[in-house]
Amino acid sequence: MFKTIEREAMTVHGWITTLRAPTSADGLAGMSKQKIRAKEEYAAKVEGELLAVNAVIDGDQCYLIGNTETAELRPSTFDLPAGTYACFELSYTDQIELDQLIGRSYGELTQNEAFQIAGNFNLEDYPGVGKMRFYVPVQKKTH
């Protein structure tokens, strides 16, 4: 279940990993392993709030880890526009379970009668261990 909220525009500064499409053999677990490696490499470099943006950039599936603080050593940025977002409060025990919950969240949005997905990105906000707020841009459907 999600709630809709209005978010201000924000820029996430951090490090981008290009994710390769999972093969039929490794499926979602393959994508989860890539995200785990990216978090292991970059999350320790982020002090305070940890954010991740999953986005299609220049045709590639990318995963940016960082936060809103600007720092000289953060080579990449992603601008999230102001607007309406679906917010999911997720609890998880590992990355594979989290990615399954993310998939279910998208499934819920695609079946929603009032809102539709309005972008090719999402925001992951990690307020604590095993907790994540997941934001997807949405717009009201016109009937």
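Read along the sequence, the chain follows the pattern β-β-α-β-β-β-β-α-β-β-β. There are two helices and nine strands. Both kinds of element are DSSP runs, numbered from the N terminus: helices are H or I runs of at least four residues, and strands are E runs of at least two. The model is predicted, so local features need pLDDT of at least 70 and side-chain atom pairs count only at pLDDT 80 or more, while totals for chains, interfaces and linings use all residues. Residues are numbered from 1 along each chain as its sequence is written, and side-chain values use heavy atoms, with hydrogens and water left out.

The C-alpha atoms fill a box of roughly 45 × 40 × 30 Å, taken along the principal axes. Buried residues make up 43% of the 143 residues. Buried means under 20% relative accessible area, exposed means over 50%, and partly exposed lies in between (1.4 Å probe, protein chains only). Of the contacts with a separation of 6 or more, 69% come from residues 24 or more positions apart. A contact means heavy atoms within 4.5 Å.

The largest nonpolar core has 25 residues, and Leu90, Tyr126 and Met132 touch the most other members. Strands 2, 3, 4, 6 and 9 and helices 1 and 2 each give two or more residues to this core. Apart from it lies another core, of 13 residues, among them Phe78, Leu80, Tyr85 and Phe121. Such a core is a set of buried Ala, Val, Leu, Ile, Met, Phe, Trp, Tyr and Cys residues joined through side-chain atoms within 4.5 Å. Beyond four places in sequence, the residues that Met132 touches include Phe88, Leu90, Leu98, Ile102 and Tyr126.

Lys131 lies in strand 9. Lys131 is partly exposed, with a relative accessible area of 42%. Lys131 and Ser91 are 40 residues apart in sequence and 4.7 Å apart in space, C-alpha to C-alpha. Ser91 is also one of the residues that Lys131 touches, and Leu90 and Tyr126 are among the others.

Helix 2 has 16 residues, which should span 22 Å at 1.5 Å a residue; its end C-alpha atoms are 23 Å apart, which agrees. The expected span is 1.5 Å times one less than the number of residues. In helix 2, Gln95, Leu98, Asp99, Leu101, Ile102, Ser105 and Leu109 are buried. They cover an arc of only 155° around the axis, which puts them on the same side of helix 2. The arc is that of the directions from the helix axis to the C-beta atoms. Arg104 and Thr110, on the other side, are exposed. The cover over the buried residues includes helix 1 and strands 6, 7, 8 and 9. At the start of helix 2, a side-chain oxygen of Asp94 reaches to within 3.2 Å of the backbone nitrogen of Ile96.

Asp58 is found in the loop between strand 3 and strand 4. Asp58 is exposed, with a relative accessible area of 80%. Its phi is positive, about 50°, although Asp58 is not a glycine. His13 lies in strand 2. At 14% relative accessibility, His13 counts as buried.

Note on methods. A polar contact is a pair of N or O atoms within 3.5 Å; within protein, one must be able to donate a hydrogen and the other to accept it, and residues adjacent in sequence count only if both atoms are side-chain atoms.
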